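Look over the sequence and the structure below. Then work through the questions one at a time.

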Amino acid sequence: MIEAEGINKLFGANHVLRDCSLSIDTGEVVTLLGASGCGKTTLLRCIAGFETPDSGTITLAATDVTRLPPNRRNVGFVFQNYALFPHMTVRDNVAYGLKARRIEKDRLEREVAEALDLVSLQDFANRFPKSLSGGQQQRVALARALVVQPKVLLMDEAFNALDAKLRGAMQVELRKIVKRVGITAICVTHDQAEALTISDRIAVMSEGRIQQFATPDEIYDRPTSAFVADFIGAANVLPRGIAERFSGIAERLNGSAALVVRPENIALNVSEGPSGVVGTVTFSRLTGPSMDYEVALGDGTPLRATIAREGHDAIPVGAKVEVTIRNPDACVPVAGML
Amino acid sequence: MAEALWTRFREGRGIWLSVPAFVFLTIFFIAPMAVLLSFGFTEIERGQVREGTFTLKYLTNTLTDDLFWWVWWKSFYIGVLSTLLCFLLAYPLAYVYSNSGRVMRLLILILTISPLLTSAIVRTYAWLVILGGRRGVVNVTLIELGLIDRPIRMLNTDFAVIMGMTQVHLPFMILPLITVLAARDRNMEAASLGMGASRIATFFKITVPMSTPGIVAGLTIVFALSYTNFIIPQLLGGGGFTTLAVQVYEQIVVILDWGRGAMLALLLLGSCFVFILAIGLAGNRAMRWAEREAAT
């Protein structure tokens, strides 16, 4: 459905996108995930047509659109600040794209009503955007993007302006709406929880490159680099010298320079005597269903451990603990440190 | 009422900082203005103001004078035309400015502001050279090019006055437009294009309406300046040309009829306020969307 092939983009001497390639299937929801300045928004704007890549091609539904202006690409775009037209009512905002397509009045009214219905904003049709809450504004932006039945929905950091609680709820809501409509969507975010919530596949980006493009569980369970492992969820990236000291790890490491161990794959044991790998608890906190610990190994290497609270007595800061890896097979060897 | 004002005055932190300006303006602007305007309602005999008298004769004489209405209409239409001309010239320039790089922006800004460093009277005299008689720059050029046989009369016409006013007042239209256009949210336009609207539709439906505050400011300033300017009509309009502002000047300085002069000044000032208010109200209407309603 969407093919991006070898996209490069420079802003002056700044190489923002380096050889980015993506292939996205019809109906798939994909997230471009990365820290600010990694090029994710630029890649999205290239797909939308707001930027033109310096090299590479972009194909939408088997049509090469690389040089097409945005108004001829048939994509829906939701902006970071929504870019709702403040001088138009909710209805006029949603009707705008249909009017630009000179759709007859009856059909226009019907489709606007359907779009507002989809995002549960029927009662707000005559209000101006400024009088709506952040979540409502976001839904207007979504309705406005979807009403023209675009081939692709593109969303740029669309949840940024919402407070944490509403954000989570709107992400679930968005995923449901997008799946109900069945549209192919690309979202941009720096928030890994958002990426995990809304995506079928995630493209992790840094320094203008796509580091890994895979399903959320594959990204979490089998990150291809220390960077990806650290970006999605928490990760301990242990250099080989330290990783080898844990029992049952050597064959898993298989000559790699480093090993990714998720915090929940680490067990801490107070009761037994100092054998194996030993450390000191330097910090602990309650996260709700589990406890988070920070442990300093003998040589000072910090380690994060997350332990379910059920059947576990909280370990005080300062306690000496034996550190073990619960499931060596779940550890992932990577080529280098962060 | 007074109590509420006093409370607001006391609560308004730092409002006393405005006291020097307030005192200055009261002594040197408001008081003389009030004295002048009061002449419009006072008996004046042989150049002597007869204090304590009150008369409406200047008001009724003026309002029933056909000449007054004719002159008012002239002032009004000259003011409106030069304001609209300013707007039509300034908007594209401000738009170009907002879409330009640093160097171009600086160039436009310098070209806009530098005329303000010269006195408006000097710039108006320049128009005498440009438009004036047989040897005027425009006529000489047109004749040399063979486009016309005889010089066209341009000086001492409405055209000359409108051109002069437009040139002198253009910066006051450009600057507020530049301010709003340069600060605008370009994502609005991207959104419009992304939804399939053409560039022209985007300009008229999104860019222009959203620059309303700058348009209102520019129209207000330029109309007030054009409607009340008395130098440009005198220099470029010629002897027979007159506007309300010119009349005020002539009545008070030349004819020494202070009563009528004061009344004309009052009517000029009052009507100017009415028009400014009308522009402001129209702007408010266009800006209904900016009012904040309670979010639900």
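Q: Which residue with positive phi follows helix 9 of chain B?
A: This is a predicted model, so local features need pLDDT of at least 70, side-chain atom pairs count only at pLDDT 80 or more, and totals for chains, interfaces and linings use all residues. Residues are numbered from 1 along each chain as its sequence is written, while chains are lettered from A and ligands numbered from 1 in the order in which they are written. Helices (H or I, at least four residues) and strands (E, at least two) are DSSP runs, numbered from the N terminus. The residue after helix 9 of chain B has a phi near 100 degrees, and it is Gly196(B).

Q: What covers the buried residues of helix 9 of chain B?
A: A residue is buried if 20 or more other C-beta atoms lie within 10 Å of its own, exposed if 12 or fewer, and partly exposed in between, with C-beta atoms placed from the backbone. In helix 9 (residues 186-194) of chain B, the buried residues include Met188(B), Ala190(B) and Leu193(B). Their cover includes helix 10 (199-210) of chain B, together with helix 1 (40-48) and strand 6 of chain A.

Q: How many residues does each chain give to the contact between chain A and chain B?
A: Two residues are in contact if their C-beta atoms, placed from the backbone, lie within 7 Å. The contact takes 23 residues from chain A and 20 residues from chain B.

Q: Which element gives the largest share of the side of chain A that touches chain B?
A: Two elements give two or more residues to this side: strand 6 (75-78) and helix 2 (90-100) of chain A. The largest share is three residues, and it comes from helix 2 of chain A.

Q: How do the residues of the side of chain A that touches chain B divide by class?
A: Ala, Val, Leu, Ile, Met, Phe, Trp, Tyr, Cys and Pro count as nonpolar, Asp, Glu, Lys and Arg as charged, and the others, Gly among them, as polar. On this side of chain A, the division is 15 nonpolar, six polar and two charged.

Q: Are helix 2 and helix 4 of chain A roughly parallel or roughly antiparallel?
A: Axes are lines fitted to C-alpha atoms, for helices over the stretch in contact, and angles run from 0 to 180 degrees between N-to-C directions. Angles under 35 degrees count as roughly parallel, over 145 as roughly antiparallel, 65 to 115 as roughly perpendicular and the rest as oblique. Helix 2 and helix 4 (residues 134-146) of chain A pack at about 25 degrees, with their axes 7 Å apart. Helix 2 and helix 4 of chain A are therefore roughly parallel.

Q: Which residues of helix 4 of chain A meet helix 2 of chain A?
A: Helix 2 of chain A brings Val90(A), Asn93(A), Val94(A), Tyr96(A) and Gly97(A). Their counterparts in helix 4 of chain A are Val140(A), Ala143(A) and Arg144(A).

Q: Why is helix 6 of chain B oblique to helix 8 of chain B?
A: Helix 6 (residues 120-131) and helix 8 (residues 158-182) of chain B have axes 10 Å apart. Helix 6 of chain B is oblique to helix 8 of chain B because of their packing angle, about 135 degrees.

Q: What is the order of the open sheet of six strands in chain A?
A: Two strands pair if DSSP finds at least two bridges between them. The edge strands are strand 6 and strand 10 (209-214) of chain A, each pairing on one side only. The twist averages 15 degrees from one strand to the next. The pairing is mixed, and the order is 6-7-8-3-9-10.

Q: How many residues of strand 7 of chain A are buried?
A: In a regular strand the side chains alternate between the two faces of the sheet. In strand 7 (residues 152-156) of chain A, Val152(A), Leu154(A) and Asp156(A) point one way, and Leu153(A) and Met155(A) the other way. The strand is mostly covered, and the buried count is five of five.

Q: How many bridges join strand 7 of chain A to strand 8 of chain A?
A: Strand 8 spans residues 184-189 of chain A and runs parallel to strand 7 of chain A. Val152(A) stands opposite Thr184(A), and Met155(A) stands opposite Cys187(A). The number of bridges is five.

Q: Which residue is the bridge partner of Val260(A) in strand 18 of chain A?
A: Three strands of chain A form an open antiparallel sheet in the order 11-12-18. Three bridges join strand 12 (residues 258-261) to strand 18 of chain A. In strand 18 of chain A, the partner of Val260(A) is Val332(A).
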